[in-house]
Amino acid sequence: MFGLYFGKYLVEISKISQEQYIDLIKQQKNTRAKLGVIAVAEKLLTTKQAEEINNLQKIMDKRFGDIAIEKGYLLAEEVAHLLNLQGNPYLQFVQVCTDSNILTLEEIVILLENFKAEYGLSDSDLDALKSGDIDRIIPVFVTKNSSLCYDCIGLNIRNIVRFINNNIMLKKAYAVKSYKYDALSCQRMNGDHNLFVGFAGVGNNLVEIAGPFARENFDCMDEDAFDSVCEFINCNNGLFASELSHNDIHIDMTPPLFYTNGKLASEDDICVVPIIINDKQVDLLVAVDSIVDIA
């Protein structure tokens, strides 16, 4: 996921082209970060020390970590820590950038600071993005104003990662009282609390959910595609209702429905979470204890 966020930023500032960005994301999926790159990125080694060890490997049949320990540059525990990070998405992206000679490690460090400042990210926010852990990433983009709303959003996003696409990008959530849509699949839940949950998209963007969930290829949002998105919502809400029941909160689910070219209206807030899947935006819509009118 980190590559999507940082890669898009690099395109925006014209540091890389859109074509290079697409190629980097493809390469990242099959890349395992080298220990030297990780060590420099984690600031446990300098670039000069890493290059020295790499050169020594050309004349010594020893692993990078073993040489680093012998030279006194790293402790055994630090090497173990670095080995555990080899599948880290941030470090994979850094590896691809350096292997492709697109950016140096020094340039990446500087650009990361600029990226953090540009998007108002804290150190912990940046660490969350680097981790690739969706449960750490969600709070960066979704404010926990209501526990019920936040938990519902979290479950839906986690299930997108599990069942739809594990390489998504979130944008900052925001609240509205009206929302225009081209395509909408949604479901209401009633009981101890009233909830409205839906996915909306411009044009045919919802096929990015419909296709993977139904395991079919949809060219447009026809009835079958809408049914697939509705079933995805129904599954998510079924899980959510089950979790709530363990806390003695009981809700009933109404049948999911779909609509085209309309507008939502509510006197209270509808939380909108933009989700980028394959460069297409779909919006997760959640309202708690609000009357949402669909037109």
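Mentor: Helices (H or I, at least four residues) and strands (E, at least two) are DSSP runs, numbered from the N terminus. The model is predicted: local features need pLDDT of at least 70, side-chain atom pairs count only at pLDDT 80 or more, and totals for chains, interfaces and linings use all residues. Residues are numbered from 1 along each chain as its sequence is written, and side-chain values use heavy atoms, leaving out hydrogens and water.

Trainee: How many helices and strands are in the protein?

Mentor: The C-alpha trace spans about 70 × 40 × 35 Å along its principal axes. Within the protein, the count is 13 helices and seven strands.

Trainee: What percentage of the residues in the protein is buried?

Mentor: A residue is buried under 20% relative accessible area, exposed over 50% and partly exposed in between (1.4 Å probe, protein chains only). Of the 295 residues, the buried share is 47%.

Trainee: What share of the contacts with a separation of 6 or more joins residues 24 or more positions apart?

Mentor: A contact means heavy atoms within 4.5 Å. Among contacts with a separation of 6 or more, the share from residues 24 or more positions apart is 66%.

Trainee: In which helix is the place of N236?

Mentor: N236 is buried, at 1% relative accessibility. Its C-alpha is 9.6 Å from that of V197, 39 residues apart in sequence. The place of N236 is in helix 13 (residues 223-246).

Trainee: Which residues does N236 touch, not counting those up to four places away in sequence?

Mentor: One of them, N159, has its place in helix 11 and is also buried, at 1% relative accessibility. N159 in turn touches I164, F232, N236 and L239, with residues up to four places away not counted. On that basis, the residues that N236 touches are L155, N156, N159 and F199.

Trainee: Which residues are in contact with I157, leaving aside neighbours within four places in sequence?

Mentor: In soluble globular proteins, nonpolar side chains tend to be buried together. I157 belongs to the largest nonpolar core. Its contacts beyond those neighbours are I134, I138, I168, L170, V273, I275 and L284.

Trainee: How many residues are in the other core, which lies apart from the largest one?

Mentor: This core has I270, L285, A287 and V292 among its members. Its residue count is 13.

Trainee: How many disulfides are there?

Mentor: A disulfide is a pair of cysteine sulfur atoms within 2.5 Å. C149, which is buried at a relative accessible area of 12%, is in no disulfide, since the nearest cysteine sulfur, that of C271, is 4.6 Å away. C220 is partly exposed at 35% relative accessibility, and its sulfur is 15 Å from the closest cysteine sulfur, in C230, too far for a bond. By this rule, the number of disulfides is zero.

Trainee: What distance separates the C-alpha atoms of V40 and V109?

Mentor: V40 lies in helix 3 (residues 35-41) and is buried, at 12% relative accessibility. Not counting residues up to four places away in sequence, V40 touches L45, T46, T47, A50 and L105. V109 is 69 residues from V40 along the chain, and their C-alpha separation is 9.9 Å.

How values were computed
A nonpolar core is a set of buried Ala, Val, Leu, Ile, Met, Phe, Trp, Tyr and Cys residues joined through side-chain atoms within 4.5 Å.
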